[in-house]
Amino acid sequence: MNFSKFYAEQFDIVYITEDVKNNRYTNFMKKIIPEVPKRIIKDKSSVPQEHLNSRTLLVSSPRGKTVNRCPGSRGHICCNYLTVDLYVGCTIGCSYCIMQSYLNFSPIIVYVEVESVIERVLKIARNNSNRQIRIGTGEVGDSLLYDPLFNISRDLIEAFAEEKNIYFELKTKTNFIDHLLTVERKGNAVIGFSLNPPVIIQSEEGSAAGLYERLEAAKRASEAGYLISFHFDPIFYYDTWETDYKRIIDSIYHTYRIPEETIAWISMGTFRYPPDLKDKLPLREFFLEEFIPSKDKKYRYIQKIRSRIYRSIKSYIKHYYPNLPIYMCMESDAVWHNVFGKLPTEIPEIHDIFIHAEGV
Amino acid sequence: MEIKKIKLTDLLKLDSIFDIFDYQYSTTEIEKSLQKNSLPWEITGIITLVSKDLYPPIPVSNNIIIWGFTLLRLSKAISKEYLLCRILGEQTPVEMITTALSMENRAGKYSMEEQARLFKLMGNLKIQLDLKETKKITPLITGHFDPNWTKRIQQYTKFSPPLKSLVDNNLIDYKTALKVQDLPPEIFTLLDTDKLSFSERRIVLNLFYEIVKRDKLESSRAIEEFFSIIRSKNPLRVAKRKRFPKLSEMEEEYRALKGKYLKGKGIEIELPDHFEGDKITAKFSFKSKEEFQTRIKELENLRDRIDEFFKILR
């Protein structure tokens, strides 16, 4: 893959705030896309209105807290994931993405000042030495889509490698992992792949990598010594959902032969959406299923259907990977009981995942 | 700029391309009412003012009357000889539109049809609104800066006549109309009924649109389906049942269980809203110890059946 060409085609202009103009990640980016015009600006608000869109790249330093808890969802159980917002925004263009409803008029932002992030994460990990700290950069953007352009993740992986309780996850819908394969000290770094059947990827996941490209990347990462995670999220309910999702699990096990011990966890989450997403998008076929409003005001499939989907996918995963931690993202107590028979903190394999880290 | 008295006969010869706004009464109607001495009170008031020359002078530029067509009609009906006009110098098309809208002074109250006529006039005058002009003109039309005004009106002009009529008569909102515009026009003619409130009409149409898309109904099948909804006793309920068959089935199942196990037992079983949750509520009341005992016995009988209710949630 020619990343110089790829990124040069993505961006019309790069704005760099004064404070990071000599940052090494900024310099790395300049070498990859020398032909894209660059302007130094005082701060983020200086980006002119006509460039407030995803064809603009803004390189800056973060303001406020660099490490946050996953915002969670009222009335739903959150896995207490910690997030680092390094890459904000995404040009993959998934039709169901919540960012479609609120990040339309923003440039792609990359926060390159990572020393403070490293310091903060290490502090949290040391203050919670008896707990698993799961932290990732894929909450408000794809962790790896712009990483070959800045090469930030490599340093984060190495910085966290010595801490036994940090599970640093890079969640992606790309297969841009090759620049990370040569990292020597990987620790518990996890490369996470969001998975969906090819029919969904083709119709709803914009320019994301195909399913088999992602699985091949997972295989390469696993062979290079990374932990892998898979996220069946969002799961769609349609005529052939059951066969299609099962086929993915078959592929992971039979075709790509990813061993159980290299998979850190698998998560599941059925499609859900905030009410304004439906208003902002042209009517997509997936909106035509039956949804009910949940406690967090998002719309979800009927509880009985969600439970059925989770039970089916979980049992199929367990068929191949009996000891793997599997959990659900943003689900209610009722669905946890329907699917697992208990709450996550009562399930030994995932108990650690759901324990709160202190001092975040 | 000067104010001039111009003979009505001369004024009526001038260009009237700006005659685009709705008016309540035509000249003929006013003439007829005058003969019968039955003019509406608001017209009587204006006629008095017009006859005393107490009205804003009619703006005229380049032999084009920019505003004041209601005054012209009234004057014609009462055979007034002349009207006061303000003769403006050379005006750009945007200036003329701005003058017309400012004098009309009905921001936020123009019907979609009037806005469509205004848009057409702008096209005839070769006006293409840039950002600066949009900021100047749209507040005079909609009451606020509306960068999407042009796009919206263009979309409205593509609506089928029955859909336009629903929007113009405030029977459905523009947003709903935009969403459902590709439904067969026959469907919109069936909606012109008092059977539904504004809000019910909007919901039924939105639900029906999603049914058509989900089931990929062809035009004739869609019309048939809509006919069966709208002619039913309760169109809203029928539309909901067709749009949400699984939820409806669960509701049916719940109703059937209640009928089977709770009828006449004095006990109510409530499942959580939208069948979302895992708690079932049992309710009962009693007036005596004996009645209390009966309820307890009924609850005990229900114990073996309660899983059937839980099944709906799992």
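Reply: A word first on the source. This is a predicted model. Every value below is computed from its atoms.

The part to look at is helix H1 of chain A. Helix H1 runs over residues 3–10 of chain A. Which of its residues are buried? Tyr7(A), Ala8(A) and Gln10(A) are. They share one side of H1(A), because they cover an arc of only 160 degrees around the axis. The general rule behind such a pattern is simple. An α-helix has 3.6 residues a turn, so residues three or four places apart point the same way.

What covers the buried residues of H1(A)? The cover includes helix H2 (24–32) of chain A. It also includes helix H5 (147–150) of chain A.

Now the chain around that helix. Chain A carries 13 helices and 16 strands. Its 360 residues would give a compact globule a radius of gyration near 21 Å. Chain A has 20 Å, so the value agrees with the rule. Along the principal axes, the C-alpha trace spans about 55 × 45 × 40 Å. Buried residues account for 59% of the 360 in chain A. Take the contacts in chain A between residues at least 6 apart in sequence: 76% of them join residues at least 24 apart. The accessible surface of chain A is about 14,800 Å². Carbon and sulfur atoms own 49% of that surface. On charge, chain A has 46 positive and 45 negative side chains. The centres of these two sets lie 3 Å apart.

Two backbone details in chain A deserve a check. The peptide bond from Asp233(A) to Pro234(A) is cis. Its omega is near 0 degrees. Pro234(A) sits in strand E11, residues 227–235 of chain A. The second detail is Lys297(A). Its phi is near 75 degrees, a positive value in a residue other than glycine. Lys297(A) lies in the loop between strand E14 (291–293) and strand E15 (299–301) of chain A. Is Lys297(A) buried or exposed? Lys297(A) counts as exposed, because its relative accessibility is 58% and the cut-off for exposed is over 50%.

Next, the partner. Chain B has 17 helices and six strands. A compact globule of its 314 residues would have a radius of gyration near 20 Å. Chain B has 31 Å instead. Its C-alpha atoms fill a box of roughly 95 × 45 × 35 Å along the principal axes. Buried residues make up 40% of the 314 in chain B. For contacts in chain B between residues at least 6 apart in sequence, 68% join residues at least 24 apart. Chain B exposes about 18,400 Å². Carbon and sulfur atoms supply 51% of that area. The charge count in chain B is 55 positive and 46 negative side chains. Their centres lie 1 Å apart.

Chain B has a backbone detail of its own. His274(B) is not a glycine, yet its phi is positive, at about 55 degrees. His274(B) is placed in the loop between strand E5 (267–270) and strand E6 (281–284) of chain B. With a relative accessible area of 38%, His274(B) is partly exposed.

Back to the starting point. The buried residues of H1(A) are Tyr7(A), Ala8(A) and Gln10(A), and they lie on the same side of H1(A). Helices H2 and H5 of chain A are among what covers them.

Terms used. Residues numbered from 1 in each chain as written. Chains lettered and ligands numbered in written order. Predicted model: local features only at pLDDT ≥ 70, side-chain atom pairs only at ≥ 80, totals over all residues. Heavy atoms only, no water. Helix = DSSP H or I, 4+ residues; strand = E, 2+ residues; numbered from the N terminus. Rg over C-alpha atoms; globule rule 2.2 N^0.38 Å. Buried < 20%, exposed > 50% of the residue type's maximum accessible area, 1.4 Å probe, protein only. Contact = heavy atoms within 4.5 Å. Areas by Shrake-Rupley, 256 points an atom, 1.4 Å probe, with all protein chains shown as cover. Lys, Arg positive; Asp, Glu negative; His and termini not counted. Charge placed at Lys NZ, Arg CZ, Asp CG, Glu CD. Arc of directions from axis to C-beta.
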